[in-house]
Amino acid sequence: MGSVILTDYVVSVSELKANPKKALESGKGAAVAVLNHNKPEFYCVPPELFESMSEMLEDLQLTQIVRDRADEDSVHVDLDEL
């Protein structure tokens, strides 16, 4: 059975061991699939992309909180009373 590779860039474990920086840079800012026996073993993700992915996940979680609370009763607040 084949494996799905979720990125356009791949390196072998041997290439990663030989020069990790070069292997990651080969992705040009995108994730790099690391293959072991021609199957994806894991993905290397540059820090900038990881940060972006983390922010997107946080936004999705916050969106779900907003949706969950959308039907709750609102509370009127007068700014002068604060």
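Before you start, keep in mind that the model is predicted: local features need pLDDT of at least 70, side-chain atom pairs count only at pLDDT 80 or more, and totals for chains, interfaces and linings use all residues. Residues are numbered from 1 along each chain as its sequence is written, and side-chain values use heavy atoms, with hydrogens and water left out.

**Stop 1: the segment before β1**

Select Leu6, which sits in the segment before β1 (9-12); strands here are DSSP runs of E with at least two residues, helices are runs of H or I with at least four, and both are numbered from the N terminus. Leu6 counts as exposed because its relative accessibility is 68%; the cut-offs are under 20% relative accessible area for buried, over 50% for exposed, and partly exposed in between (1.4 Å probe, protein chains only).

Areas come from the Shrake-Rupley method with a 1.4 Å probe, and for residues only the protein chains shown count as cover. Patch members have over 30% relative accessible area and no salt bridge; nonpolar side chains (Val, Leu, Ile, Met, Phe, Trp, Tyr) are joined within 5 Å, like charges within 9 Å.

Next, pick Thr7, also in the segment before β1. Is Thr7 buried or exposed? At 15% relative accessibility, Thr7 is buried. Show its side chain, and you will see a polar atom 2.5 Å from the backbone oxygen of Ala31.

**Stop 2**

Ser12 belongs to strand β1 and is partly exposed, at 25% relative accessibility. Draw a C-alpha to C-alpha distance from Ser12 to Ala23: the two are 8.8 Å apart in space and 11 residues apart in sequence.

Then select Lys21 and Glu25, both in helix α2 (residues 20-25) and four residues apart, about one turn of the helix. Side chains of opposite charge can pair when their charged atoms come close. Here the side chains of Lys21 and Glu25 form a salt bridge at 3.0 Å, N to O. The rule asks for a side-chain nitrogen of Lys or Arg within 4 Å of a carboxyl oxygen of Asp or Glu, and the count by this rule is one salt bridge. Lys21 is exposed, at 58% relative accessibility.

**Stop 3: the loop between β2 and β3**

Move to His37, in the loop between β2 (32-36) and β3 (39-44). Most residues other than glycine have a negative phi. His37, not a glycine, has a positive phi of about 55°, and Asn38, in that loop too, has a phi near 65°. His37 is exposed, with a relative accessible area of 72%, and Asn38 is exposed at 69%.

**Stop 4: helix α3**

Finish with Glu48, Glu51, Glu55, Glu58 and Asp59, which form a negative surface patch. Asp and Glu count as negative, Lys and Arg as positive, while His and the chain ends are not counted. Glu58 lies in helix α3 (residues 47-69) and is partly exposed, with a relative accessible area of 45%. Glu48 is in helix α3 as well and is exposed at 60%.

Definitions and conventions. Charge placed at Lys NZ, Arg CZ, Asp CG, Glu CD. Polar contact = N/O pair within 3.5 Å; in protein donor to acceptor, adjacent residues only side chain to side chain.
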